[in-house]
Structures are given as structure tokens and as C-alpha cells.
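This briefing is for a reader new to the structure.

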Amino acid sequence: MAAQRMTLELRKISAGACRNPVASRIPIGSRRLLAAGLIVLAIPLSGCGSEPGSDGGGVGDMWNKLFSKDEAVAPEEPAEKLYNEGLYLMNQKHQPKEASKKFEEVDRQHPYSDWARKSLLMSAFAFYSAGDYDSAIGASTRYVTLHPGSPDAAYAQYLIAASHYDQIPDVSRDQGRTEKAISALEEVIRKYPTSEYANTAKAKLEAARDQLAGKEMSVGRYYMEKRDYQAAINRFKTVVTQYQTTRHVEEALARLTEAYMALGIVGEAQTAAAVLGHNFPESPWYKDAYNLVKSGGLEPSENEGSYISKAFKKLAFWDSSKNKN
């Protein structure tokens, strides 16, 4: 009975508000309480537009819109179906962007399933294939974080490294991305040394290090042209001490010979030429360095206390240790 009385009162209030604007001046708090009561009791309320001759747009329409179900929620699809659709788009249709949407949908609809784990890795691969490297890094990082013990964690870590590596710019530009690639590649090698991705990571690592060495050489040559020999030496020194295994080290030793001779620091010039000759006797750069030293009435002679000599002794020790393992 109380519900019926409340229904009648609500209908009177609604009808009165439509006929007489003054009747709508019910205190706001009261109207909120009445509305709340209506929702709780689920009482159908007719609006102004429900009366004959009304052109709509009244309270009734407001309530109809509030509770309308025109936009139905899409039913949940089986995880396996979504996953296989993603594979089809990847492998048969060659549409990685569309495939990534299917894999992401698996994670959205079935977040704690084994299909979600598989789909997360596949979405990372789809993003990578589409050239969306930032999304690939994000998805791969999430996979490694959520599933560090998974057999596929090595591949996820490799995708992070490969995504950075594929964005390495030429030597004329900032090498921040190259440094990120090196760090990520080293992580693959460190964490998963026996995985099938370790050797590929090592090859890419050498190429990335070669890129950084190339950047140092480019800047060093610029300083040589400006005859700022000390600044040039600092760049070539970086190549000799940090990137001895790259293809740029021969030129770096020859340039050090040239710069030290220009400054009159003949001991270091002799050492640079001697180390170049010991390690790369057939190099055309050694011929240039040798002739330069000889033109000053000197011979290549290694000072074992020099940083140049120590850098290559350290490299030889590292190679020896690696071969023993």
C-alpha cells in the first residue's frame, strides 16, 4: 500500500510539473529523494510527452533515455576463437594491425586465462611486425613482468631489444636509441645465455656497438678538420678503449697516431702505431700510421703503460678467457 501511495504521488507531481511550471518548484532535496525512491521501487513513471497531443521531450522521455538499452553490450566470445582469428589475420591475411586487435581482445575478455598469456606475446609480435615498435616494447615488457618464468620470456625480451635495434638512426643523429638497443640486447644475453635468441642478440649487439663507434669517429674527424686535436683524441680514445672489436678501431689507432704527432706527444703516437701494426699488420691504416711516424724520424714502439696498450691487453685476456669457457 505504501508503494501504491508513493506511485500516485509521483504521478501527480510529474503531471503537475508539466501543466504548471510553479508545481515544479519542489525543493531539490525532495525531488532527489523522490527520484531515488522511484529507482529503488522500479516504478514506471509517465512523462509529459506521454499525454495525448504531447510532442515529447518531457520527463518521460528523460527516463526512457536513462534506462534505454539501445546500445547492447557485445557478448563475450570464446578465447580460442579470438586467438585463432588473430593467427589467421597474421599468417594468411598478413594484417598484423588487425591481428593485434584480436589478441588484445582475448586479454580484455579473458584476462586470467592461458589464452590471454599467449595472446599478449602474439600481440607484441603483431605490433613488431606492423612496425609499431613502442607498442611492441610495451606489450613485451608487460609479458616479461607478468610471466618471467615462462619459456617464451626470452623471446619477449628479444622483441624489446629488436624493437629498439630496428630504430637505430644513422651516425649523424642522436644515438640514444642505439644505447637502449645495446642495453636490451645485453639483457637477452645475460638473462637467457642458452636461448636460441642469444646468438642473434650477440650479432645485433656488435652491429649496435659499431654504430656508436661510428658516431665517435664522425665527431673525431670533425675535430681533426678543425685542428682541435685534443677533442679529437678524446673521441678516438673512446673507440680504442670501449669498441676494440668494431671495424672502426683500425682507423681510430691511425687517427690517434696523427693527432699525437701533431701535438708532439710522440710516445703515444709510437704506441698507437705499434699496437695497430701488432693487431692489424695488413691494414692500410697501419701503412699510413707507420709512414707518419717514420716521417718524424721515429719507429713504432709500444709503451705498455699507455692506455692504448692496456686496452688491447685487456681485450686479449677477455678473448682468452672466452675461449677457455
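Glu-299 is partly exposed, at 40% relative accessibility; buried means under 20% relative accessible area, exposed over 50%, and partly exposed in between (1.4 Å probe, protein chains only). Its salt-bridge partner is Lys-294, with the closest N and O atoms 2.6 Å apart. The model is predicted: local features need pLDDT of at least 70, side-chain atom pairs count only at pLDDT 80 or more, and totals for chains, interfaces and linings use all residues. Residues are numbered from 1 along each chain as its sequence is written, and side-chain values use heavy atoms, with hydrogens and water left out.

**Salt bridges**
- A salt bridge is a side-chain nitrogen of Lys or Arg within 4 Å of a carboxyl oxygen of Asp or Glu, and the count by this rule is 18.
- Lys-294 is partly exposed, at 37% relative accessibility.
- Glu-216 and Arg-235 form another salt bridge, at 3.2 Å between the closest N and O atoms.
- That pair links distant parts of the chain, 19 residues apart, with Glu-216 in helix α10 (residues 198-225) and Arg-235 in helix α11 (residues 229-242).
- Glu-216 is buried at 17% relative accessible area, whereas Arg-235 is partly exposed at 27%.
- Lys-313 and Glu-304 also meet through their side chains, at 4.0 Å from N to O.

**Helix α13**
- Helices (H or I, at least four residues) and strands (E, at least two) are DSSP runs, numbered from the N terminus.
- Helix α13 (residues 266-279) has 14 residues and should span 20 Å at 1.5 Å a residue, which agrees with the 20 Å between its end C-alpha atoms.
- The expected span is 1.5 Å times one less than the number of residues.
- Of the 14 residues of α13, 10 are buried, so the helix is largely enclosed by the rest of the structure.
- Among the buried residues of α13 are Glu-268, Gln-270, Val-275 and Leu-276.

**Whole protein**
- The protein has 15 helices and zero strands.
- Buried residues are 39% of its 325 residues.

**Confidence**
- The average pLDDT (the predictor's confidence in each residue, from 0 to 100) is 82, and 74% of the residues score at least 70.
- Mean confidence is lowest in helix α2 (residues 28-41), at 37, and highest in helix α12 (residues 249-263), at 98.
- Where pLDDT is low, the predicted coordinates should not be read in detail.
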